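Hi,

Here is the structure I promised to pass on. Have a look at it first, and my notes follow below.

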Number of protein chains: 2
Amino acid sequence: MPIIVQKFGGTSVGSVTKIKNVARRVMEEVERGNDVVVVVSAMGKTTDELVTMAKEITDNPSKREMDMLLSTGEQVTISLLTMALLEQGQQTISFTGWQAGIQTEAVHGNARILQIDTKRMEAELQAGKVVVVAGFQGIDEEGNITTLGRGGSDTTAVALAAALKAQRCDIYTDVTGVFTTDPRYIKEARKLLSISYDEMLELANLGAGVLHPRAVEFAKNYHIPLEVRSSMEKESGTIIEEDATMEENLIVRGIAFEDKITRVTVFGLPRTLSTLSTIFTTLAKHHINVDIIIQTMTSEETTNLSFSIKSEVLQEALQVLESNKPNLEFERIETEDGLAKVSIVGSGMVSNPGVAAEMFEVMANTGIQVKMVSTSEIKVSTVINEQEMVKAVEALHVAFNLGAHSKALA
Amino acid sequence: MPIIVQKFGGTSVGSVTKIKNVARRVMEEVERGNDVVVVVSAMGKTTDELVTMAKEITDNPSKREMDMLLSTGEQVTISLLTMALLEQGQQTISFTGWQAGIQTEAVHGNARILQIDTKRMEAELQAGKVVVVAGFQGIDEEGNITTLGRGGSDTTAVALAAALKAQRCDIYTDVTGVFTTDPRYIKEARKLLSISYDEMLELANLGAGVLHPRAVEFAKNYHIPLEVRSSMEKESGTIIEEDATMEENLIVRGIAFEDKITRVTVFGLPRTLSTLSTIFTTLAKHHINVDIIIQTMTSEETTNLSFSIKSEVLQEALQVLESNKPNLEFERIETEDGLAKVSIVGSGMVSNPGVAAEMFEVMANTGIQVKMVSTSEIKVSTVINEQEMVKAVEALHVAFNLGAHSKALA
C-alpha cells in the first residue's frame, strides 16, 4: 500500500481536543487505503514552558540536557495521539525518535539526520498499524538524545518520507496552504495550487513561515512531493514538487515581506581583499544574521558597505563592530531603521530578464523609494520604508496578476 | 571510591527551587569523597497532569502509551537536576531508564527489573561525573519504554545500588526518617535510628508510606543498607539494614494505623475445601485487596467468613460478591464501616510470646473493643472503631515504651 507521511505542528496538537481532531484527520487518510506515518511536534506552549524552567536554573544550559528536556514534549504528544487513535478503533503504536531508528550526528540542539533504520516502522505498518513518531528528535551513535533544531519536525517528516519511500508528505499547519502573499495583510492574496521546491525555499527563507527551508531542501533532494494544508479545514492545500506544472504562465509566484529591518552602513573601510570576509565573519561569530549586502567603492583606498539586519539585533551588531574597530579599521557607522523588505519570487524569472525592472517600475509608480536591492535567479528583494510595505505588496500583487486565478480555486 | 545512590521523590523535586536544593544535597555527598548516582521521580504534580490529559482522551488508555507518556515526567527532572549540578561546577550526565541500561519484563505499568547493564554508568562515574538517572522506568527487550508501577523510583534506586555494588542507598523524602508511629497524630512519636528490613516491610505494608515495600524487599535480598532521610533538613535519618543492632531491647519497634476500614461478613457459606479460594480469587480478579481474614465454623455444613477491606472499595466488593452468589452459595452479607486498623510491629516479638496478649490488655484497659485480630511473626494487627484509633495508638505507644528513647536521639 502507498505510504503517506503526515506532519502536525505544535498549534495543530495544542490541546487534547485538537489531538482528537488530528486523530480524525489520520483516520481519513487510513480510510483512503493508505499506510500512514504521523509525525508530531510538542503541544503548543510546552517547549516554551520547558525552556522557562531551564532558564530558572541556569543562563547557559548544557545543550545535551536541553535536548533531554525538550524531547519530552513530542513524547507526550505521540502517546496522547496514539491513545486517541486507539479510541477510534485504529491499531497504532508510538515511537520516540530513537525508537523510530532516527540516527543523527553527535551534535546537540541542531543535529542533522544521518540515517533512518526503518525496520521496526515497516514491520508495524505491515501489521496494519498507524505509526506515530516524535518529530524534532533522534539519537547519536552513543545513545544520547539529540534534537534537530528549528523546523525539526518538518525535517523528521520529510526524512521519514524519503526513508520509507512514501508517496507524499503532508504538512498540516494552521494555514490552508502557501499563498501568493500574506493574507493577513493583503486581502487579494490567494492560495497557490502548486509551487516548486526552489520557489518555496525562497519564500520560506523570506519569512513566509509555513515550512522550514531545511525540510524543503530535504524534500527537493529526495524528490518527495509535499502538501501544505490546514489541520482544521478539509480543502486541499498547496503541492510543492519538482516542477510546478499548473499556473506555469505565472512569472512571479509569490510576494514575501518582512518589517522591522534596519540598514547598517559602514563608511571608510580599507579596500583590502579580506575586508568583506573579516566584517561578516566577525558578525557571524556572534550569530548575527546579515541579509542584503551592498558594497560601493568610494575611493582608491576605502569602500563603504551597507547591509540589512533585523532591527532587534542592531544594538548587538553595533557593539560587535565597535569593539572590533581596531581590527576592521572603518571610519564610522550610520544606521537607518523603520525599514521593510519586499521580495518577489518565481522560477519564471530566470527566462524573463525584465522582471526586476518591472518591479522597480511598480515601486516608482506607487511613489515608493527603493533603498536596497538584491537579486537571485528566482527572486528580487528590495528594502523600502516600513510604512510603505503593505502598499508596495498590494501594488505588486496586482501588477504581477497574482489575484487573477482566485475564481478557479473556489 | 565508594558509590552512594541517592533517591529524591516527587515532593523533593517539586519545583525549580527544590531541584536546586537537591543539587546542593548531591554536592555534599560528592564533597565527602563518594561517587554519586542520583535517582529522581517526576516533579510534584506532573504525573497527575499527564494522567488527566490521557483521561480526557480515553477511559481506557493503552498501558504501553501510558508508559510512553508518564516516563517523560522523570526525563524532565533528570535534565533540570543535571543543569543545576553543572551550574554548581559539577561534572554530570543524565540518563533515562533505557540509557541507564535498566532492562525490564515486557509488561507495561508494573514491570519488574530483569537486569541492569551498568557499563555506561560506570564509565561516567570513573570519569568523575555524577550520574542522574530517571526513576520508575526501563526498557523491554523490544525497545519499548516500560514503567515499574507504584514505588518505582524507590525500586530503581535500590536496584541501581545493587547492580553498582553501592555502599548505601539514601532515600530522601519529606519526613526525617521512620517513626515509631505517625507523628501527625501522635506527638510522642519519635524517629528510629535503625530498623530491620522485615520490620520496615511490615510498617510499609501497613501504610507508613515512607518507602515502597517492593524496594525494601529488593534491598533485603541484595543486602543494601537504606537510609530514609529528609531532603530539606540535615539531621540523619533512619537506617534500614539486616539487623537493627541499636535499640534491640525494644520488642515493639513501631505502631502503624489506618482508618476507613470496613468489615464484610459473609454468612452461610458451604463448608467445602474450595470455599476460601473461590471467594478470594473472585475478589482478586476484580483487584479488590482483602486484608485481615477470619473464618468461623458455625455448623457442620456452613461457615461464616469476615474480612476487612478499604471502605472505598466496599460497593465494588459487594457487587462482585452478589453477582457471583449462584456460584459462591452464601446466605447473606453484613458490613460494618467506620473501622480502623492498628498494628504493632517488631522483630523482638518472635521470642516474646506475650506481646499480643499485652496489646489486647492495653486495649481492654483503655476500654476499646477489638473486632478482628491477625498476627504474623513480627506483627499483631487489630481492627477497632475508627473513633478510638488515636486513643489506642497513644496507649500502645506508652505501654510499649516507644517514646522512652527520645532524649538519646536529640
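Please keep in mind that this is a predicted model. I started with Thr47(A), which sits in helix α2 of chain A, residues 46-57. Its relative accessibility is 28%, so Thr47(A) counts as partly exposed. Beyond its neighbours within four places in sequence, Thr47(A) is in contact with Ala42(A) and Leu70(A).

Glu74(A) belongs to helix α3 (residues 63-87) of chain A and is buried, with a relative accessible area of 3%. Setting aside neighbours within four places in sequence, the contacts of Glu74(A) include Ala42(A), Ala134(A) and Phe136(A).

Now for the interface. Chain A and chain B each bring 41 residues to the contact, and together they bury about 3,300 Å², with 66% of that on carbon and sulfur atoms. Ile57(A), Glu65(A) and Met83(A) supply 20% of the area that chain A buries against chain B, more than any other three residues.

Two salt bridges are counted between the chains. In a salt bridge between Arg120(B) and Glu142(A), the closest N and O atoms are 3.9 Å apart. There are also 18 residue pairs in polar contact between chain A and chain B. On the side of chain A that touches chain B, α3(A) gives the largest share, 17 residues. That side divides into 22 nonpolar, 12 polar and seven charged residues.

Note on methods: Residues numbered from 1 in each chain as written. Chains lettered and ligands numbered in written order. Predicted model: local features only at pLDDT ≥ 70, side-chain atom pairs only at ≥ 80, totals over all residues. Heavy atoms only, no water. Helix = DSSP H or I, 4+ residues; strand = E, 2+ residues; numbered from the N terminus. Buried < 20%, exposed > 50% of the residue type's maximum accessible area, 1.4 Å probe, protein only. Contact = heavy atoms within 4.5 Å. Buried area = accessible area lost by both parts, 1.4 Å probe. Salt bridge = Lys/Arg side-chain N within 4 Å of Asp/Glu carboxyl O. Polar contact = N/O pair within 3.5 Å; in protein donor to acceptor, adjacent residues only side chain to side chain. Nonpolar A, V, L, I, M, F, W, Y, C, P; charged D, E, K, R; others polar.
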